[in-house]
Amino acid sequence: MTKLLPLIKTNWIFLTLFTLAAITALSLWPLKDLPPIPGTDKTHHLIAYAALMIPVALRKPDRWIALGLLFIAYSGVIELLQPYVNRYGEWLDLAANITGVICGFIVAELIGRLVPEP
């Protein structure tokens, strides 16, 4: 973990943009049925947005809180766009996304406090 933490902090922009692109593609790709992946749809939303927030919250650039709020707003826009690509936008998905951003921040804070800097 101590070797992974500096790697995440150094490459946080790439990790964040890659995760954001993956979330966008997976959220807006038209599907007939949801793929058979273990867990619920809401769990997937929570995990995706936690993964999006963790690198930012670990690195804490100058405007990291604004980035977290931007992620929440972006997830709302995705939910609004989904009906136009044969998907379903849901308020509960947005709630799971917000919870994921908050959980990602909490996990990053715990890591920052419990894992010593190398």
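Modeller: Helices are DSSP runs of H or I with at least four residues, strands are DSSP runs of E with at least two, and both are numbered from the N terminus. His45 has its place in helix H3. This is a predicted model, in which local features need pLDDT of at least 70, side-chain atom pairs count only at pLDDT 80 or more, and totals for chains, interfaces and linings use all residues.

Colleague: Why is His45 called buried?

Modeller: A residue is buried under 20% relative accessible area, exposed over 50%, and partly exposed in between (1.4 Å probe, protein chains only). His45 has a relative accessible area of 11%, so His45 is buried. Other buried residues of H3 include Tyr49, Leu52 and Val56.

Colleague: What does His45 touch?

Modeller: Contact means heavy atoms within 4.5 Å. Not counting residues up to four places away in sequence, His45 touches Glu79, Asp93, Ala96 and Asn97.

Colleague: What makes the pair His45 and Asp93 a polar contact?

Modeller: A polar contact is a pair of N or O atoms within 3.5 Å; within protein, one must be able to donate a hydrogen and the other to accept it, and residues adjacent in sequence count only if both atoms are side-chain atoms. The side chains of His45 and Asp93 are joined at 3.5 Å, and the pair is a polar contact.

Colleague: Where does H3 bend?

Modeller: The bend at a residue is the angle between axes fitted to the seven residues ending there and the seven starting there. At Met53 the bend of H3 is about 30°, and Pro55 follows within four residues. Just after H3, Lys60 has a positive phi of about 50°.

Colleague: What makes a set of residues a nonpolar core?

Modeller: The residues are buried Ala, Val, Leu, Ile, Met, Phe, Trp, Tyr and Cys, joined through side-chain atoms within 4.5 Å. The largest such core has 18 residues, and among those with the most contacts inside it are Tyr49, Met53 and Phe71. Two or more residues come from each of H1, H2, H3, H4 and H5, and H3 gives the most, six residues.

Colleague: Why is the pair Lys42 and Glu90 called a salt bridge?

Modeller: A salt bridge is a side-chain nitrogen of Lys or Arg within 4 Å of a carboxyl oxygen of Asp or Glu. Lys42 and Glu90 meet at 3.1 Å, N to O, and the pair is a salt bridge. Lys42 lies in helix H3 and Glu90 in the loop between H4 and H5, so the pair ties together parts 48 residues apart in sequence. By this rule the count is five salt bridges.

Note on methods:
Residues are numbered from 1 along each chain as its sequence is written. Side-chain values use heavy atoms; hydrogens and water are left out.
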